[in-house]
Amino acid sequence: MTMATATADPILKVDGITVDFDGFKAIDNFSMTLERGQLRVLIGPNGAGKSTLCDTIIGRVHSASGSVTFNGENITNKPEFEIVRRGICRKFQTPGVLPSLTVRDNLAVAAQRDRRWWTAFQIGAKAAEARKVEDILEQIGLTERADTLAADLAHGEKQWLEIGMVVATEADLLLLDEPTAGMGPNETSKTAKLIHSLLGKHAVLVIDHDMTFVEELGGKVTVMHQGKFLKQGSVAEVRADPEVAAVYLGRAKE
Amino acid sequence: MTKSSPFRHAWILVLIVAVLAPMLVSSYNLNLLGRFLSMAILAVGIVLIWGEAGILTLGQGVFFGLGGYSIAMYLKLSTLPEGSLPDFMEWSGVMALPWFWWPFKSGLLALLAIILVPAVFAGIFAWAMFRRRIAGVYFALITQAVALTFATLLTSQQSTTGGYNGLTGFTEAFGMPLGTDQANRTLYWITLAVLVAVFAGSKWLMATRYGTLLRATRDGENRVRFLGYNTTPYKVVAFMLAAVFASLGGALFTLHAGVVSPAFVGVVPSIEMIVWVAVGGRKSLWGAVAGALIVNFAKDIISSALPEAWLYVLGLIFILVVTYLPNGLAGLVEDLLAKSRRPAAPEGALVEEGK
Amino acid sequence: MLDGALLAGQVFNGFSVASLFVLAALGLALSFGLMRVINMAHGEMLMLGGYLAYLTYLIVPGPLAILVAMPVAFLGAALLGGILEITVIRKLSARPLDTLLATWGVSLILQQGARSIFGPIGVGVTAPDWLNTGFTLAGVYFPSTRIFILAVAVIVLVALGLLIARTRLGLLVRAVNQDRMMAAASGINVRRVDLAVFCLGTGIAGLAGVVLSLLGPVTPSVGQSYIIPAFLVVVMGGLGSMVGTTIAAIILGLVSALSQIFVDVSMSQVLMLLAVILFLQFRPQGVIATRSRALED
């Protein structure tokens, strides 16, 4: 917090992260900052290291060098649940809903502030948390499905539920890994609207490579390639960039 | 998940019949029923750890044995004249009472031991395993090794544990002479009361946030961790409860059967306990109780008619139930009820789940 | 006050116990690595190997009977393993815990079957004369049966290593081990690889049964006494790795033999279990760790 940076109060600062998988550098000296309440889209071809970057931020993969600073605190290589408790929550590529719980219980588990086991021997959620769950149900459009088992949801609904769970944690930073995977155009644009409704209260880092979705989202785009930082700018700027085009076209030609 | 079946209040009838059973059945059958209800207490614990938490344990016999031996040691000592040792110790030339027998001179300490010893042991063991994220097949195999080791230990330390024959020859418990009709009825009612308490307690527990979290952990432990939970204590508590239930069951069983021996605690009995619950339904408390009764009555009937056949039947039940009926009889009943409730529901239609 | 010869003798015994553990555990580890399932009837494959050895001795008596018995037991156990894989395990492939339970049912039936056919009391196999000798070196007696068992374990390990490293089947096994979905997508018949590996694994258990028959009577429950240590070896070895399994078997073999200098057999079992639990506290992923990126594993 003592450093005077251009972006006054970044919520997340990734500084020179390198991740080494037995000699293969999945992430190579990568840096980026993200401002409070803002949207950032991280794109890049398959294997660019986007998901690994998420894994590193969340403490699932340990970095060999570099640091991750969240809300001014160094969280590099801390245990997962401690990082989560500080306010970062991640949605995985494959829907990580809890299939044998109802939609409402999924959200209630996520919304519960007091996660200590010895306080769990009570029936029902706290009133404030229960209200929040109803609000999120509304927001993700699953109010009518609240008592359905998550296993019985359609694929798109599962994705929304998981976004809802991430939101319910009231994390300051949400990491959404391919939130539109397997969705049709209608669902995709609904998802984009949903994400926009989260901004301000949460900073959101979206990983995707569906360019239509990225355009619909708008916001600042960071491009990764082979574990390295490649470009940053608006969707239009990135689109027009010859280097970015080469990376994507190069892949397309293979 | 909903229980809006026509059998909603059937439990009242079942409970009335169960309470009146001493007037309805022969004393032989009452004794059997008492033993099997003791086993049902253990089965309820398996629903918590296996059905709810998704953790398969093949070592419940150990905890059954801890309860059984705790009460048996007390029963042995309580009727001894001052200064003498249990018969088998004298035969083996043991001169003084071994230290681990001392607390069991007191009935109160023995009763405490039935709960505390398995709880402490299960707690330490489960904490060591779950904190290092040892789960699934690994955990099942290690618990099985614990069952084998415990049974071997009991058998080999003949002079202080009674060895292969175990402990038997009890004459009275807490001042009540054993073996009389009066005693059998009292024991039966105590067993039934403990089962009802354990059942109701588990029912409540499954409805709490703890229960939800346990199921959530079973569904996706990593997901729950990434929501900021430390899942280890949730699982440890479930394992401890299952252990205490098993121990209570073991203690009551020993009172009914009049004997406890390594034959009840080893590898095979431990897996048989899983069969009861697999047959009844691992996710249903009712199913587990019914499974414990059905399998054990079947065992009693078959092994007295065709002793050779029981192991074939047991093996076959295992294969068939696990392959074709993963949620056991309770799952089957639930499916049938669901079908009869809305016979005309078209395949694949969106049906609102229960009202 | 340790006697050097006693210590050396127990170390040798430890390696000989370890070779039994390896033979009993290798098949388990192979199929566990590949299919993530544990076959609880694996012990009965040892038992089958033992009885097949006994039958072979009846038909072809003589000093070389044991060399005939080995291929017979291997093939017999592999065949039974194949039937088991197709009829039970394949149906439960996505449910490791249920596979464990169903195969335990199979184990019970096979044990009871053996009891019905051969009776509850064990049958004896007499080792040929050339195995009934031994020699003394520096005050330590080396019985030739124990050396033979060690040799069989080493040969099986080397052969299996070559099979995995050099042959086409080995290549397929490595491919499926790495990424089952990708292997299936690139046209490998994953199920056939599963079946082949499973048969190979149960075949090795059959061999182990022949070796066991040299040490004591073959009983319907002979497999049970070796299978639980073998399970511990697999747990300690780490996700079906051959090297891990071998190292774990040696560690546990030595723990078992050396602790018996001080305590009785049942206490040495306790110590072995404690060793495994303690080991997992420091290395929960086993001797040989594999990195996984899957969310649930």
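Tutor: We will go through an interface, some annotated segments and a few buried residues. Keep in mind that this is a predicted model.

Student: How is the size of an interface stated, and what is the area buried between chain C and chain B?

Tutor: In general, the size of an interface is often given as the accessible area lost when the parts come together. Here, chain C and chain B bury about 3,900 Å² between them, and carbon and sulfur atoms give 73% of that area. On the side of chain C, the residues that lose the most area to chain B are C:L101, C:W104 and C:Q281, together 17% of what that side buries.

Student: How many residues of chain C and chain B are in contact?

Tutor: The contact involves 42 residues of chain C and 46 residues of chain B.

Student: Which polar links are counted between chain C and chain B?

Tutor: There is one salt bridge, and there are twelve residue pairs in polar contact, with both residues at pLDDT 80 or more. The salt bridge joins C:D98 to B:R282, and their closest N and O atoms are 3.0 Å apart.

Student: Which helices of chain C supply residues to the side that touches chain B?

Tutor: At least two residues each come from α4 (96–118), α9 (222–237) and α11 (265–282) of chain C. Of the elements on that side, α4(C) gives the most, with 15 residues. By type, the residues of chain C that touch chain B are 28 nonpolar, eight polar and six charged.

Student: Where does UniProt place the label "transmembrane region" in chain C?

Tutor: An annotation comes from a record, and the model can then be examined over the listed residues. For chain C, the unreviewed UniProt entry lists residues 12–34, 147–165, 195–215, 227–254 and 261–282. In the model, residues 195–215 of chain C are 90% helix and 0% strand, with the end C-alpha atoms 31 Å apart. Residues 261–282 of chain C are 82% helix and 0% strand, and there the end C-alpha atoms are 26 Å apart.

Student: What does the chain look like over residues 233–253 and 309–333 of chain B?

Tutor: Both ranges are among those that the unreviewed UniProt entry annotates as "transmembrane region" in chain B. Residues 233–253 of chain B are 100% helix and 0% strand, with 30 Å between the end C-alpha atoms. For residues 309–333 of chain B the values are 88% helix and 0% strand, with 28 Å between the end C-alpha atoms.

Student: Now single residues. Is A:L53 buried or exposed?

Tutor: A:L53 counts as buried because its relative accessibility is 2%, and the cut-off for buried is under 20%. A:L53 lies in helix α1 (residues 50–57) of chain A. Apart from neighbours within four places in sequence, A:L53 is in contact with A:V14, A:I27, A:F30, A:M32, A:L42 and A:M224.

Student: What covers the buried residues of α3(A)?

Tutor: The buried residues of helix α3 (residues 103–111) of chain A are A:V103, A:N106, A:L107, A:V109, A:A110 and A:A111. Their cover includes α4 (127–139) and α5 (155–168) of chain A, together with α9 (209–219) of chain B.

Student: Which side chain does the side chain of B:N222 make a polar contact with?

Tutor: The partner is the side chain of B:R225, at 2.8 Å. B:N222 is placed in helix α10 (residues 221–226) of chain B and is buried, with a relative accessible area of 12%.

Note on methods:
Residues are numbered from 1 along each chain as its sequence is written. Chains are lettered from A and ligands numbered from 1 in the order in which they are written. This is a predicted model: local features need pLDDT of at least 70, side-chain atom pairs count only at pLDDT 80 or more; totals for chains, interfaces and linings use all residues. Side-chain values use heavy atoms; hydrogens and water are left out. Contact means heavy atoms within 4.5 Å. Buried area is the accessible area (1.4 Å probe) that two parts lose on being put together, summed over both. A salt bridge is a side-chain nitrogen of Lys or Arg within 4 Å of a carboxyl oxygen of Asp or Glu. A polar contact is a pair of N or O atoms within 3.5 Å; within protein, one must be able to donate a hydrogen and the other to accept it, and residues adjacent in sequence count only if both atoms are side-chain atoms. Helices (H or I, at least four residues) and strands (E, at least two) are DSSP runs, numbered from the N terminus. Ala, Val, Leu, Ile, Met, Phe, Trp, Tyr, Cys and Pro count as nonpolar, Asp, Glu, Lys and Arg as charged, and the others, Gly among them, as polar. UniProt positions are given in the numbering used here, feature names are shortened, and annotations may be inferred rather than shown by experiment. Buried means under 20% relative accessible area, exposed over 50%, partly exposed in between (1.4 Å probe, protein chains only).
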